[in-house]
Amino acid sequence: MRPADWPKIHRDLSQRISELRCSRELSQEALADAAGISRRGLQNLENAETTPGIDHLILVARALDTTVIDLLKGIDGFDE
């Protein structure tokens, strides 16, 4: 069962991934290739159209040279 605030968490995580990708000056295609996922899959993730599985989060985090923990930092409910 998902928490009641899941839609906001999902949107915030999607935005965080997009912001990190842009700050590293990576295109969606470049990040998707580095993560080993489809470009459409990354688009869906960044647009909060699909719920990310832990496997995709790990692949994206590694491709961004960060961790899943760092992806979640600053998102309500995941603060240290």
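The buried residues of helix 3 pack against helix 1, helix 2 (28-35) and helix 4 (54-63). Here, buried denotes under 20% relative accessible area, exposed over 50%, and partly exposed the range in between, with a 1.4 Å probe and protein chains only. Helices are DSSP runs of H or I of at least four residues, strands are E runs of at least two, and both are numbered from the N terminus. The model is a predicted one, in which local features need pLDDT of at least 70 and side-chain atom pairs count only at pLDDT 80 or more, whereas totals for chains, interfaces and linings use all residues. Residues are numbered from 1 along each chain as its sequence is written, and side-chain values use heavy atoms, with hydrogens and water left out.

The protein contains five helices and zero strands, in the order α-α-α-α-α from the N terminus. A compact globule of 80 residues would have a radius of gyration near 12 Å, and the value of 12 Å for the protein agrees with this; the radius is taken over C-alpha atoms, and the globule rule is 2.2 Å times the number of residues to the power 0.38. Along the principal axes, the C-alpha atoms fill a box of roughly 35 × 25 × 20 Å. Of the 80 residues, 36% count as buried. Among contacts with a separation of 6 or more, 59% are accounted for by residues 24 or more positions apart, a contact being heavy atoms within 4.5 Å.

Within helix 3, the buried residues include Leu-42, Leu-45 and Glu-46. Glu-46 belongs to helix 3, which spans residues 39-46, and has a relative accessible area of 10%, so it is classed as buried. The side chains of Glu-46 and Gln-28 are joined by a polar contact of 2.8 Å. Such a contact is a pair of N or O atoms within 3.5 Å; within protein, one must be able to donate a hydrogen and the other to accept it, and residues adjacent in sequence count only if both atoms are side-chain atoms. When neighbours within four places in sequence are left aside, Glu-46 is in contact with Ser-14, Ile-17, Ser-18, Arg-21 and Gln-28. Just after helix 3, Ala-48 adopts a positive phi of about 55°.

Glu-19 is located in helix 1, residues 6-23. With a relative accessible area of 43%, Glu-19 is partly exposed. Glu-19 and His-56 are separated by 37 residues in sequence and by 17 Å in space, C-alpha to C-alpha.
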